[in-house]
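Below is a walk through one structure, to be read with the sequence and the coordinates at hand.

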Amino acid sequence: MAIKTYLQAISDGLREEMRRDQRVFLIGEDIGVYGGAFKVTQGFQQEFGEDRVIDSPLSETAITGACTGAALMGMRPVCEMQFSDFVSCAFDQLVTVAAKQHYRVGTPVPIVVRLPSGGGFSGGPFHSQNPEGFFAHCPGLKIACPATPADAKGLILSAIRDPNPVLYFEHKHLYRRIKGEVPDGDTAVEFGKARVHQEGSDLSIITYGAMVYTAEEAAKAAAEQDGTSVEIIDLRTITPWDREAVLASVAKTSKVIVLHEDTHTSGFGAEIAATIAEEAFETLDAPVMRITAPDTPVPFSPPLEKAYLPQPGDVLAGIERLAAY
Amino acid sequence: MSTPARNISAVPEPAPAPRISDEEALNLYYWMVLTRATEERALNLYRQGKLPGSYYTGRGQEAISVGMAAPLRRGADGDWLSPWIRDLGSYLVHGVPVWRMFAQFMGKAGSTTRGKDGNLHIGGYEWNIPCQVSHMADMIPLTVGAALAYKQRGEDRVAVTSFGDGATSRGDFHEGLNIAAVLEVPAVFVAENNRWAYTTPISKQTKVTDLYKKALGYGIPAIEVDGNDVLAVYSAMSEAVAHCRAGRGPRFIECKTYRMAGHAAHDKYESYMPMELLAEWSDKDPLKRLEQALREERTIDEAKLEGIRTKVKDEVHEAVERADDDGFADPSEAHLGVFAEADTDA
Ligand SMILES: Cc1ncc(C[n+]2csc(CCOP(=O)(O)OP(=O)(O)O)c2C)c(N)n1
Ligand SMILES: [Mg+2]
């Protein structure tokens with residue numbers, strides 16, 4: 001067990017899996033010589049060579065499509081979108097080809113697309129997004145959104161070993177800010193198993209990614225204010241997502257906030273809220289509340305971006321409103 | 001005789017026009033006759049309302065579909081082939097049984113996609129055919145990736161894909177060619193310039209109507225061939241594949257041809273296609289031309305050709321019967337297979 005940053009944990013997972021499995025290779029823009037825009041793959045090309053750590057042309061479509069082709073030929077490609085925002089350029093290859101391949105003809109596409117995502121540092125409309133919602137709507141793609149260093153490593157290992165296309169969202173704001181214990185060795189984390197970030201009895205917050213920490217701050221304030229006990233469920237993966245864990249938590253607390261950094265309408269929170277309404281109506285003591293970014297692009301200037309991103313204060317206000325029921 | 005491939009790029013040395021034996025030429029003839037007979041039969045079935053969905057033929061383009069696939073290695077460990085919708089012949093040559101083509105068109109359980117996808121969206125590991133999607137040019141980046149895997153593992157395999165002139169206007173074509181050149185992968189790109197993309201003539205598709213020039217712009221050695229001459233396509237393809245196997249990077253072949261029917265069976269092409277042009281190209285029919293070359297230049301006995309045609313007739317008849325007798329997949333299968341099960345060898 002060692003204390004590592006979220007970024008180190010991803011890097012360790014990739015390196016260990018590349019050492020273990022010769023089929024794994026990396027491809028992306030500036031990932032080789034330079035080690036990637038965020039240095040997740042620093043030193044990789046020296047260790048694994050240019051054939052397994054490929055500096056590619058600026059071509060998200062070609063990178064993603066080539067990964068699919070190589071995967072069909074027995075490789076385990078991991079590609080990096082320099083920022084998750086640029087996955088829009090690879091949308092067609094993911095949704096049209098990779099996602100539908102196994103359903104159509106039964107041949108698996110074990111690719112991983114790494115997606116540095118999220119806001120909080122004035123990245124503006126094109127370097128801050130959380131585009132997981134688009135892909136959660138598409139059958140055939142798996143989606144991971146780790147929040148902790150242990151999960152960052154555990155989920156990258158599982159993502160690479162999964163026989164399906166996996167979108168792995170790594171939140172940029174967590175890269176160096178979040179440190180935590182990462183167990184040594186082969187610590188793959190199963191997809192579709194939520195984690196109880198903190199136990200509580202009065203209200204549940206269902207969330208994932210960086211919003212786990214926003215929820216934590218709000219929960220702390222609520223506890224200090226009047227002893228409200230908040231349970232935080234970190235989904236870890238949103239395709240598949242852990243319905244049982246969510247419904248169990250709601251059954252226990254009977255009040256729920258669904259929280260994410262993605263925009264509101266048709267965001268993944270809508271799916272969670274609808275499922276709770278369908279399956280746990282009888283146990284609810286208050287309406288299901290969604291707290292999300294508004295339906296706008298991500299603004300650039302610090303005060304505007306702060307107004308856009310869900311803040312601990314927003315979540316605390318939500319907790320107070322639900323407490324009134 | 002075959003028209004020698006014109007070599008435009010400065011990069012490779014001129015193609016040493018390989019001598020095609022009578023046996024090889026007759027083999028190509030068999031595949032071309034089988035291709036046309038299969039398509040004609042399927043078209044009849046479609047018109048009788050026996051095939052769901054829509055139906056596309058590659059009539060007039062059989063020289064390309066057959067000539068492109070014939071030089072390749074078949075089987076699971078063979079060469080990757082991702083043909084375009086006009087290339088029914090490619091599927092046959094690369095190993096897909098005729099009855100499964102009909103099962104595919106009918107959506108039967110014996111279709112390679114168990115009825116989950118239709119027409120020439122055919123694939124499977126056993127033939128190393130990935131299963132094309134409708135979206136044009138999407139298979140180009142995939143083909144680059146397959147070739148990349150071969151290169152990374154030091155295998156002398158080749159990845160091949162074909163596409164229409166319309167596809168060359170899409171981003172996947174340009175990104176795919178560019179990255180193939182940069183990564184120096186063993187891929188062969190076959191453009192089928194039939195001068196139409198649905199109702200759009202080549203003049204409205206691009207200012208660079210010689211498509212091979214686009215590939216040259218990306219640094220890929222490229223040639224154009226007479227796409228209605230199967231011996232020319234076969235020679236050009238053989239040479240390109242040999243270059244790839246030798247580790248000399250990608251190749252591009254433009255086959256000049258003409259679309260001899262509507263875009264799909266339901267398309268009223270008389271409304272936009274000049275009929276004179278169609279008549280002119282009908283004289284260049286690839287099957288007629290090959291027959292002529294076999295009879296006149298190679299003095300092959302007519303009885304031998306007739307024997308091939310009879311054999312094909314029987315084969316197609318049996319294939320349709322078998323597909324007819326096949327059932328549909330159970331409706332519960334509509335819900336299955338979105339995700340692959342966990343990999344046991346991980
Ligand atoms: C991306 C995309 N856009 C539109 C279509 C609809 N469509 C199918 S085939 C076709 C024309 C194809 O022309 P070309 O590439 O020249 O091939 P050809 O049909 O002539 O063989 C069109 C527009 C499609 N399949 N994919
Ligand atoms: Mg065309």
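**Helix packing, domains and the chain contact**

In chain B, the α1(B) residues B:Tyr29, B:Tyr30, B:Val33, B:Leu34, B:Ala37, B:Thr38 and B:Arg41 meet B:Leu305, B:Ile308, B:Arg309, B:Val312, B:Lys313, B:Glu315, B:Val316 and B:Val320 of α12(B). Sorted by kind, the residues of this contact between α1(B) and α12(B) are 10 nonpolar, 1 polar and 4 charged. The model is a predicted one.

Two packed helices are described by the angle between their axes and the distance between the axes. For helix α1 (residues 22-47) and helix α12 (residues 302-325) of chain B, the angle is about 40 degrees and the axes are 9 Å apart. Angles under 35 degrees would count as roughly parallel, and 65 to 115 as roughly perpendicular. α1(B) and α12(B) are therefore oblique to each other. The crossing of α1(B) and α12(B) is right-handed.

Helix α8 (residues 243-253) and helix α9 (residues 268-279) of chain A pack with their axes 11 Å apart, at an angle of about 60 degrees. That angle makes α8(A) oblique to α9(A). The crossing of α8(A) and α9(A) is right-handed. From α8(A), the residues A:Arg243, A:Val246, A:Leu247 and A:Val250 meet A:Ile272, A:Thr275, A:Ile276 and A:Glu279 of α9(A). This contact of α8(A) with α9(A) is made up of 5 nonpolar, 1 polar and 2 charged residues.

The loop between β12 (237-239) and α8 of chain A holds A:Pro240. The peptide bond that runs from A:Thr239 to A:Pro240 is cis, and its omega is near -5 degrees.

Next come the domains of chain A. The domain assignment divides chain A into domain 1 (2-182) and domain 2 (195-323). The C-alpha centres of these two domains of chain A lie 26 Å apart. In the contact, 25 residues of domain 1 of chain A face 21 residues of domain 2 of chain A. On the side of domain 1 of chain A that touches domain 2 of chain A, at least two residues come from each of α5 (132-136), β6 (142-144), α6 (149-161) and β7 (166-171) of chain A. That side of domain 1 of chain A consists of 11 nonpolar, 11 polar and 3 charged residues.

The two chains also touch each other. Their contact involves 35 residues from chain A and 36 residues from chain B. On the chain B side, the elements that give two or more residues are α5 (139-153) and α6 (171-183) of chain B. Of the elements there, α5(B) gives the most, with 9 residues. By kind, the side of chain B that touches chain A has 17 nonpolar, 13 polar and 6 charged residues.

One backbone detail belongs to chain B. B:Arg114 lies in the loop between α4 (98-106) and α5 of chain B. Although B:Arg114 is not a glycine, its phi is positive, at about 50 degrees.

Last is the ligand. Which residues are the closest to ligand 1? They are B:Met136, B:Gly164, B:Asp165, B:Gly166 and B:Ala197, out of 15 residues that surround ligand 1. The shell around ligand 1 divides into 5 nonpolar, 6 polar and 4 charged residues.

Definitions and conventions: Residues numbered from 1 in each chain as written. Chains lettered and ligands numbered in written order. Predicted model: local features only at pLDDT ≥ 70, side-chain atom pairs only at ≥ 80, totals over all residues. Contact = placed C-beta atoms within 7 Å. Helix = DSSP H or I, 4+ residues; strand = E, 2+ residues; numbered from the N terminus. Nonpolar A, V, L, I, M, F, W, Y, C, P; charged D, E, K, R; others polar. Axes fitted to C-alpha atoms, helices over the stretch in contact; angles between N-to-C directions. Parallel < 35°, antiparallel > 145°, perpendicular 65-115°, else oblique. Left-handed = near helix turned anticlockwise from the far one by under 90°. Near = placed C-beta within 6 Å. Domains from an automatic or database assignment.
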